[in-house]
Amino acid sequence: MDYLQIEPNQKPKGKVRISGAKNAALPLLACTILSKNKISIKNLPDVTDINTMLKLLGILGATYSKKPHHIDIDSSTINSTKATYDIVKTMRASILTLGPLLSRFNHCEVSLPGGCAIGSRPVDIHLSALEQMGADIDIKDGYIYATTKDGLKGATIIFDKITVTGSENIIMAACLAYGKSTLINVAKEPEVVQLCEVLQTAGVDIEGIGTDRLTIIGTQQKLLNMKAFEVIPDRIEAGTYLCVGAITNTKMTVTNINASHLEAVLRKFGEMGFGIEIEENSITIYPTKEVLPVHITTTEYPGFPTDMQAQFMAVATQADGTSVIDERLFENRYMHVAELNRMGANIKVVGTVATIENAPHKLTGTKVMATDLRASSCLILCALVASSPTTIDRIYHLDRGYEKLEEKFKKINITIKRKKIDTK
Ligand code: UD1
């Protein structure tokens, strides 16, 4: 198994080019199931979650040819409707095949994703919405068996909670349904917006894009004519590299970004005292004389993203005073706290609230363990300001969502070495 070794006291210099957004690309790949033609997708990130989705689509019968950051995919050839446990267990987002498979084929079997490191993460809202569209759902032996007699029916669905993949699944299902669907309390994340835009360009009548209320006129199972598109930039990767500048209190630039997707994050950098400069295709963070403590509550977009919570906690360990973070979306998303405390931080968690007390904390490097994708990047951030070397185990979490990590860090003058545990 690989681990990362990070030398202490490293400062960035230069620019990082941000990759395509994993969380946009995943539903966009799943939505090719609705298409009758081959599609060319650009700015596809080279991360393991994307390869897992491609593997799943391949098993279902899709064909594709891949070049760096570019794929031509034909899902019209799909002839299987079973997403098996061995794939779904490695990536929860496999659930995104449920809506498109059911709406196209009238039946499918998708393994239940089960729990994950950051909480129980049920899919009850996805299933209830499909039932409201006329699906019969049976849960047996860990699988969701979904069927419809003559296709899904348009329906008015009010999501009990805002769910990103839940909204995406039902948007895709509604595209091939019979009749009009009105979806209320839909997620407004940029990734959901891009999915809607791509589906609209493919001929689906969708209104309300970017709001929490969508109306979609289904095509009565007529497959779509999808056009070529480019995946939006990854706002979480961009935010993470800006945190590299913040935690080291050094100038740092990210390019190939959409700054409007990062408003809540940039606001928090500002509240901490950092200067932010936005140009057409770049954001630069500037050092500050005094790093101020911060108060953050994670919420749905356009609020502060839960996927940036761990990284800001890392930065808060270097602020001058006590910061408070309230994690509202996932009940177990503080697994990194124990590791940060092992590095010398002083963070207390009560319920959903983490208090980063009496910072700045003097961090020392040690052997730590990555627990989920974003928690892993917060360990790298802390390692950069630690006074001794850090090693991070279980880095497969990082490879799920950060493209060419060591290469990108090398470009900004930071050495991160990937090593193999010697099992001899
Ligand atoms: C997506 C993102 C993930 C991000 C999260 C929140 C992808 C592939 N992943 O995950 O990176 O952290 O949004 O922004 O896009 N819930 C239910 N029942 C459901 C569905 C969700 O109770 O059927 C709850 C969840 O447990 C959680 C909340 O709703 O507490 C939001 O989760 P959701 O938006 O669904 O997260 P994901 O789509 O899984």
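**Ground rules.** I am working with a predicted model, in which local features need pLDDT of at least 70 and side-chain atom pairs count only at pLDDT 80 or more, while totals for chains, interfaces and linings use all residues. Residues are numbered from 1 along each chain as its sequence is written, and side-chain values use heavy atoms, with hydrogens and water left out.

**Overall.** I started with the secondary structure and found 14 helices and 24 strands in the protein chain. For these labels, helices (H or I, at least four residues) and strands (E, at least two) are DSSP runs, numbered from the N terminus. The radius of gyration is 22 Å, close to the 22 Å of the globule rule for 424 residues, so the chain is as compact as a globular protein of that length. That radius is taken over C-alpha atoms, and the rule is 2.2 Å times the number of residues to the power 0.38. I also noted that the C-alpha trace spans about 65 × 50 × 45 Å along its principal axes.

**Sheet with E15.** Next I followed an open sheet of 4 strands, ordered E2-E15-E17-E16 with mixed pairing. Strands count as paired if DSSP finds at least two bridges between them. At the edges I have strand E2 (15-17) and strand E16 (275-279), each pairing on one side only. From one strand to the next the twist averages 15°. Inside the sheet, E15 (residues 252-255) and E17 (residues 282-286) pair in the antiparallel sense over 4 bridges, and I see Met252 opposite Ile285 of E17. Helix H8 (residues 235-248) lies across E2, E15 and E17, at about 170° to E15. Contact here means heavy atoms within 4.5 Å; axes are lines fitted to C-alpha atoms, for helices over the stretch in contact, with angles from 0 to 180 degrees between N-to-C directions.

**Sheet with E3.** I then traced another open sheet of 4 strands, E4-E5-E3-E14, again with mixed pairing. Strand E4 (63-67) and strand E14 (229-230) are at its edges with a single partner strand each, so one side of each is left without a neighbour in the sheet. Strand E3 (residues 39-42) runs parallel to E14 over 2 bridges, with Lys42 opposite Glu230. Helix H2 (residues 48-60) packs on this sheet, touching E4 and strand E5 (70-74), and makes about 150° with the direction of E4.

**Pairings of E7.** Strand E7 (107-111) has a parallel pairing with strand E6 (82-83) over 2 bridges, where Lys82 stands opposite Glu109. With strand E9 (residues 143-147), E7 pairs in the antiparallel sense over 5 bridges, and Ile144 is the bridge partner of Val110.

**Empty space.** Where is empty space left? Rolling a probe the size of a water molecule over the atoms shows it. On a 1 Å grid over the protein atoms alone, a cavity is a set of points where a 1.4 Å probe fits but cannot get out; a pocket is an open set with protein on both sides within 12 Å along at least five of seven lines; lining residues have an atom within 4 Å of a point. Grid points are joined across faces, edges and corners, and a volume is the space filled by probe spheres set on the points.

My search of the whole structure gave 4 cavities of 30 Å³ or more. The largest cavity holds about 50 Å³, and H8, helix H12 (373-385) and H14 each supply at least two residues of its lining. Among the lining residues are Tyr241, Ile380 and Phe409. By class I get 7 nonpolar, 2 polar and no charged residues there (Ala, Val, Leu, Ile, Met, Phe, Trp, Tyr, Cys and Pro count as nonpolar, Asp, Glu, Lys and Arg as charged, and the others, Gly among them, as polar).

The second largest cavity has about 40 Å³, and its lining has 2 nonpolar, 1 polar and 4 charged residues. Lys22, Glu191 and Arg374 are among them.

The second largest pocket has a volume of about 240 Å³. Of its 14 lining residues, Arg17, Ser19, Glu403, Lys408 and Lys411 are the closest to its centre. E2 and helix H14 (405-411) give two or more residues each to this lining, which has 3 nonpolar, 4 polar and 7 charged residues.

**Backbone.** Most residues other than glycine have a negative phi, and most peptide bonds are trans. Tyr301 and Pro302 are joined by a cis peptide bond with omega of about 10°, and Pro302 sits in the loop between strand E18 (295-297) and helix H10 (309-316). Ala359 and Pro360 also have a cis bond, with omega of about 5°. Asn9, not a glycine, has a positive phi of about 50°, in the loop between strand E1 (2-6) and E2.
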